[in-house]
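User: I would like to learn how to read the features of a protein model. Please guide me through the structure shown here.

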Amino acid sequence: RAYEKILQLEPGRPEARFWLALAREQDGQLSDALTEYKAILAAAPADAPWRSSIEQRIAELSRRLAGAGKSPHAS
């Protein structure tokens, strides 16, 4: 709730957006989390020191989502 309130006061605040995306990820809302991470990255300055952390989350979720679409019996 605190991060949601922060976003009401400062909508572009990346820290709050990150923690809310992480909460979605932990709640199993992987597609929603991935969408939010991508939006955070798109709005990030090129020299933001935290860009690599967001890129890692995007890569991890992309792998997880791609794996979820595969059948365990696929050859």
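Predicted model: local features only at pLDDT ≥ 70, side-chain atom pairs only at ≥ 80, totals over all residues.

User: How many helices and strands does the protein have?

Analyst: Helices (H or I, at least four residues) and strands (E, at least two) are DSSP runs, numbered from the N terminus. This protein has 4 helices and 0 strands, and the pattern along the sequence reads α-α-α-α. The C-alpha trace spans about 50 × 30 × 15 Å along its principal axes.

User: What percentage of the residues is buried?

Analyst: A residue is buried under 20% relative accessible area, exposed over 50%, and partly exposed in between (1.4 Å probe, protein chains only). Of the 75 residues in the protein, 27% are buried.

User: Which residues make up the largest nonpolar core?

Analyst: A nonpolar core is a set of buried Ala, Val, Leu, Ile, Met, Phe, Trp, Tyr and Cys residues joined through side-chain atoms within 4.5 Å. The largest one in this model has 12 residues: Phe18, Ala21, Leu22, Leu30, Ala33, Leu34, Tyr37, Ile40, Leu41, Ile54, Ile58 and Leu61. Helix H2 (14–26), helix H3 (30–43) and helix H4 (51–68) each supply at least two residues of this core. H3 gives the most, with 6 residues.

User: Which residues is Tyr37 in contact with, leaving aside its neighbours within four places in sequence?

Analyst: Contact means heavy atoms within 4.5 Å. With those neighbours left aside, Tyr37 is in contact with Phe18, Ala21, Leu22, Glu25, Ile54, Arg57, Ile58 and Leu61.

User: Is Glu25 buried or exposed?

Analyst: Glu25, in helix H2, has a relative accessible area of 7% and therefore counts as buried. Its side chain also makes a polar contact with the side chain of Arg57 (2.3 Å). A polar contact is a pair of N or O atoms within 3.5 Å; within protein, one must be able to donate a hydrogen and the other to accept it, and residues adjacent in sequence count only if both atoms are side-chain atoms.

User: Why does Ala43 count as exposed?

Analyst: Ala43 counts as exposed because its relative accessible area is 57%. This residue lies in helix H3. The C-alpha atoms of Ala43 and Gly12 are separated by 8.4 Å, although the two residues are 31 residues apart along the chain.

User: What is the relative accessibility of Leu65?

Analyst: Leu65 has 27% relative accessibility, so this residue counts as partly exposed. Leu65 belongs to helix H4 and touches Leu30, Ser31 and Leu34, not counting residues up to four places away in sequence.

Methods. Residues numbered from 1 in each chain as written. Heavy atoms only, no water.
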